[in-house]
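User: I would like to learn how to read cavities and pockets in a protein model. Please take me through one case.

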Amino acid sequence: MKTPTIRFLAPFFTLCSLLIGAEATARPTVGLVLGGGGARGAAHIGVLEVLERHKVKIDCIAGTSMGALVAGSYAAGLSPQVMREELAKADWRDMFIDAPDYSEQSYRNKKINTRFLPASEMGVTDKGVVLPPGVVTGQKIRLFFNHLVHADVTERHIEDLPLPLSIIATDIGNGDRIVFRDGNLTTAMRASMSVPGLLAPVEQNGHKLVDGGLVDNVPISEVHARCSPDVVIAVNVGSPLLKPEEIGSLLTVSAQMVNILTEQNVSRSLALLRPSDIYIKPDLEGITAGDFERHAETADRGRKAAEAIADKLRSLSVPDEEYAAWWNTMEIAKRETSVLEEINVAGLRYVNPGAVERHLRAKPGDTIDTQELNRDILRVYGDGYYERVEYSMQPIRDRRIMTVTPLEKFWGPDYLRFGVALETEEIDGSSYLLRGAYHKTWLNSLGAELLTTAEIGSNPNIGIEYYQPLDPQQRFFVEALAGIRREHAGLYQDGDRLAEYKIDTRFASLGAGMNIGLLGRLRAGWLEQKRDAELETGSPIFDNPSLDNSGWIASLDLDQFDRAYFPTRGWKAQVRYFHSVDNDYGRIDANLAAAYSIGDYVVNARISRSMGVNDPLPTYDPASLGGLFNLSAFGKDQILGGAATYGQIRAEKVIGRMPLGLRGDLRAGLAFERGRVSDRYTETRQDGWINSTGIYFGGDTPLGPVYLGYAHSPSGSSNLYLLLGTP
């Protein structure tokens, strides 16, 4: 009786044995956790390289902050090798500066940015004065993310990725832990990297999201919830508290704050690790959260840490064929060549779409060029009206519909702006100036602006300016301005100040012009001005110091410098013509400047000429030399005459760079200058060509450019000077 029963049950026992054996040999599922740590997160790439070498399949992945960037890129199919290559090509220092190069901004914005400090902008709304949300809005960072995960070709959504992905962010409003398991990939990556105080929060469904490290810097619990892995590989690149001497840049200050807040949540996460899990903490001694330029070294250290536990990782390996098949479903496709079917501008409240479209050079039927597209988007952002400018690509077979969505500043369109200028010269003495303005933009659908300014200090003035574009693309405009300014003018002979005048000028101007793309503008109009001069010290030198001097004025201004004050490349050309109807004379002023750099060395050159059309310029409107980089060995406007010619060449060495998040550098320079004033009214013994040689230090600061230097002329004049702030 037993034999038939055993025969009957044998297939059942065999099946159970096979199932038990298969379960015993099944590959353990693996969850990967990539923690936050700023630039230290590049170590994750080295870890991924070792996982790739040992054929370790990942079943789900979670990341925070820089770990979110690497995790999102990996889940989107970017190999560790490609990640290394892309980080090597990225200019991280430039990425944390939202604004495009100075040369890529409109002429009007260049004027605003040289008169006022961009960082001083504050909004004026019905709720009162509103501050911007962060030092960096992340415009270039978002464009880099789009390029990295190929969102510049087609929209990438987390739920559509081949690898289950979770990205951690923090709701700064209530402190909640926010987990992205679906939605736009680059938005999630950007939110998770929003270091408070440095990067502006990302607004999502009414929430303001910042760095996920504040609540879950090593999100082990998330991979448990996402795919219940048998083994968790957790990589912790979090920074220890920085030493005081290591805190200098905006990023390191913010990172220190995040480090303090994340220490406790990291300890709680690590307590979830089981004996079967794998914990990797690379040795990143000496590498800070802001050391993005050391990404290759950081990745190498991550690889070294993973190689140290290669035996554990090999236990998770799968056969080559299985790994290749898995990665084939993961790997990002080669970048497609797509054609634009349609371009839309959406989401605007007060800005005219034409103001956006003027910067978009791509047209329907064109092949997408990502570099050109990013440049155009940055030009749109550079107009200054937007918190950020986003775009999305929707596929239609081999064609794309591109939607550009500028998010207008919630603290706009009216602003307060400020500037400061401090100047001390051995010859001319000291002066100071505090400047404030109320700037109203988009007064109508064509983009009219009203700028009201006031300056207090050594040379106070008030002014009002109305600017009215005449078409949606703002190619043509009319402009009206009026104001009162006070100046103090010293008159010199043989290096001595013989007299000083206080000059009050009332002026008004009405003109029309044309913007020449981003090169500059052409303008012509009428200038009405009345001048009252009063002798303050010394003996009267000139007759008739008070007079009317109105007439026609025309100007051409072209500016392609990459920076306003310390350019590394580019050129500038200016020509101005004034014909006085009241006093029947003509005046021409011309200026040409250029900059060129090789490595850390920069050469600047400039030539200028001021002259009367037929006769020497009159005493009440003379040509002048003297002052910083205008014959620096002399005081400001020390040499006056009927015409002036000037040339300079400056050689500079970059000796330091501004911290991450600020544009600019610190330079040491030599200046060689040469000038001549004919038909002199002051310093009448300064015959012929005058030379000046100087040494100086200078650089960009949050308060504007700074110069400290000394200049000497064989003609017998020397000058020590210090300048700080916007001119």
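Analyst: The largest cavity holds about 70 Å³ of space. This is a predicted model, in which local features need pLDDT of at least 70 and side-chain atom pairs count only at pLDDT 80 or more, while totals for chains, interfaces and linings use all residues. Residues are numbered from 1 along each chain as its sequence is written, and side-chain values use heavy atoms, with hydrogens and water left out.

User: What is a cavity, and how many of 30 Å³ or more does the structure hold?

Analyst: On a 1 Å grid over the protein atoms alone, a cavity is a set of points where a 1.4 Å probe fits but cannot get out; a pocket is an open set with protein on both sides within 12 Å along at least five of seven lines; lining residues have an atom within 4 Å of a point. Points are joined across faces, edges and corners, and the volume is the space filled by probe spheres set on them. Here there are 3 cavities of 30 Å³ or more.

User: Which residues line the largest cavity?

Analyst: Its lining consists of Ile45, Met66, Leu69, Val70, Ser73, Leu78, Met83, Glu86, Leu87 and Leu148. Helix 3 has the largest share, 4 residues. Helices (H or I, at least four residues) and strands (E, at least two) are DSSP runs numbered from the N terminus.

User: Now an open site: what is the volume of the second largest pocket?

Analyst: About 1400 Å³. It is lined by 50 residues, of which Ala99, Asn113, Leu117, Pro118 and Ala119 are the closest to its centre. Helix 6 (107-115), strand 14 (414-425), strand 29 (690-701) and strand 30 (704-713) each supply at least two lining residues, with the largest share, 3 residues, coming from helix 6. The pocket lining divides into 26 nonpolar, 13 polar and 11 charged.

User: How many helices and strands does the chain have, and what does its C-alpha trace span?

Analyst: The chain has 15 helices and 31 strands. Its C-alpha trace spans about 140 × 50 × 45 Å along the principal axes.

Terms used: Ala, Val, Leu, Ile, Met, Phe, Trp, Tyr, Cys and Pro count as nonpolar, Asp, Glu, Lys and Arg as charged, and the others, Gly among them, as polar.
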